[in-house]
Amino acid sequence: RALGRALERPHGNWYVVDASRRLGQQPRRFRIAGEDIVAWRANGEILMAPDACPHMGASLSESWVREGKLVCPWHGLALGHEGHGGWKTFATHEDGVLTWVRVGDPTPDTPKPVLPPRPGIFMEGTVRVEARCDPEDIIANRLDPWHGAHFHPYSFASLSVLDLDDDVLKVRVAKKLVGRLVVETDATFHSPEPRTIVMTIVEGEGRGSVVETHATPIEPGRTAVVETTLATSGRKGFRHAIKLRRLIRPFIERSARRLWVDDAAYAERLYALRTGRSA
């Protein structure tokens with residue numbers, strides 16, 4: 001029922017692409033919702049457009065940037081924010097951590113992506129992994145906390161469901177730190193839009209921290225999972241620790257990526273069972 005409710009929520013066809021800090025002046029190619037897209041940064045702004053030159057179809061992700069414009073590698077056509085004929089840039093949105101792009105019909109129109117509340121001060125780590133499944137299989141994984149301690153025994157000592165309804169699910173989890181040392185927290189899971197699940201720590205160490213799991217379709221049967229951890233703390237030393245976020249970020253991302261080795265396999269199996277196809 002929770003998955004059904006999530007899939008009914010408005011989204012305006014906004015899709016998470018990747019962490020904004022990873023998108024620079026060098027053009028990058030993404031495939032999102034069946035569209036090949038080139039992304040680049042011009043004068044501090046992230047631009048995205050079809051990854052095909054309107055002249056003869058050259059891949060613009062292989063171009064270079066001059067004065068904020070892509071220069072086609074085949075014939076030198078310069079393409080920028082203003083577009084060229086039927087070639088136009090997509091609507092994009094930077095939320096301070098992630099970059100989103102709108103692809104397809106925006107109905108029902110939402111001028112910006114639907115974002116959950118975030119902590120005011122945090123250190124961030126973002127991973128992007130691909131899985132052979134559809135976005136709903138990723139969301140279904142996150143709406144099934146009962147598998148947590150069984151499927152991830154290296155990370156969780158125990159996990160119990162405290163409360164649930166069709167909108168919010170609350171769990172108590174004991175996360176392993178070092179050896180037998182564990183830290184217990186209460187967390188909620190909710191879905192602000194069909195391709196996003198948000199875990200928020202509501203009691204215990206790290207209260208206010210958020211983990212956003214975004215499932216972006218690449219094409220039918222392939223999904224990019226972009227998960228960002230926004231860790232915060234009420235401890236006095238946190239404001240000093242945040243100055244070391246570049247050193248701490250790899251550890252946050254390593255932990256998240258390890259979980260997604262298992263969770264991607266989980267989602268791929270759901271997809272295979274649901275569709276009758278081999279994952």
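Hello everyone, let me start with the largest cavity, which has a volume of about 50 Å³. A word on the model itself: it is a predicted one, where local features need pLDDT of at least 70 and side-chain atom pairs count only at pLDDT 80 or more, while totals for chains, interfaces and linings use all residues. Residues are numbered from 1 along each chain as its sequence is written, and side-chain values use heavy atoms, with hydrogens and water left out.

By cavity I mean, on a 1 Å grid over the protein atoms alone, a set of points where a 1.4 Å probe fits but cannot get out; a pocket is an open set with protein on both sides within 12 Å along at least five of seven lines, and lining residues have an atom within 4 Å of a point. Grid points are joined across faces, edges and corners, and a volume is the space filled by probe spheres set on the points.

How many cavities of 30 Å³ or more does a search of the whole structure find? There are 2. The lining of the largest cavity includes A2, R9, L143, F189, H190 and I197, along with the run D165, D166, D167, V168 and L169. Two elements, β12 and β13, each give two or more residues to that lining, and β13 has the largest share, with 3 residues. Helices here (H or I, at least four residues) and strands (E, at least two) are DSSP runs, numbered from the N terminus. By class, the lining has 6 nonpolar, 2 polar and 4 charged residues. In that count, Ala, Val, Leu, Ile, Met, Phe, Trp, Tyr, Cys and Pro are nonpolar, Asp, Glu, Lys and Arg are charged, and the others, Gly among them, are polar.

The second largest cavity holds about 40 Å³ of space. Among its lining residues are W14, Y15, V16, W100 and H214, and the elements giving two or more residues are β1 and β15.

Look for A19, which stands opposite L98 in β9.

Now to the pockets. About 1,200 Å³ of space lies in the largest pocket. Its lining has 42 residues, and K175, M199, I201, V211 and T229 lie nearest the centre. Which element supplies the largest share of this lining? Helix α5 (residues 245-275) does, with 7 residues. The lining divides into 24 nonpolar, 12 polar and 6 charged residues. The second largest pocket has about 160 Å³, and R1, W146 and L164 are among the residues lining it. Its lining has 6 nonpolar, no polar and 3 charged residues.

A nonpolar core is a set of buried Ala, Val, Leu, Ile, Met, Phe, Trp, Tyr and Cys residues joined through side-chain atoms within 4.5 Å. The largest one has 17 residues, and C133, I138 and W260 have the most contacts inside it. At least two residues each come from β10 (123-131), α2 (135-142), β12 (168-176), β13 (182-193) and α5, with α5 giving the most, 4 residues. Another core lies apart from it, with 13 residues, V38, A42, L47 and L79 among them.

Contact here means heavy atoms within 4.5 Å.

Why is α2 described as largely enclosed by the rest of the structure? Because 6 of the 8 residues of α2 are buried. Those are P135, D137, I138, I139, N141 and R142, and what covers them includes α1 (2-8), β13, β14 (196-204), β15 (210-219), β16 (222-231) and α5.

One more stop in helix α5 is R249. R249 is buried, with a relative accessible area of 16%. With residues up to four places away in sequence not counted, R249 touches R21, E124 and G125.

Last, there is an open sheet of 3 strands in the order β5-β6-β7, with antiparallel pairing. Its edge strands, β5 (64-66) and β7 (78-79), each pair on one side only. Strand β6 (residues 69-71) pairs with β7 over 2 bridges, and L70 stands opposite L79 in β7.

Methods
Buried means under 20% relative accessible area, exposed over 50%, partly exposed in between (1.4 Å probe, protein chains only). Two strands pair if DSSP finds at least two bridges between them.
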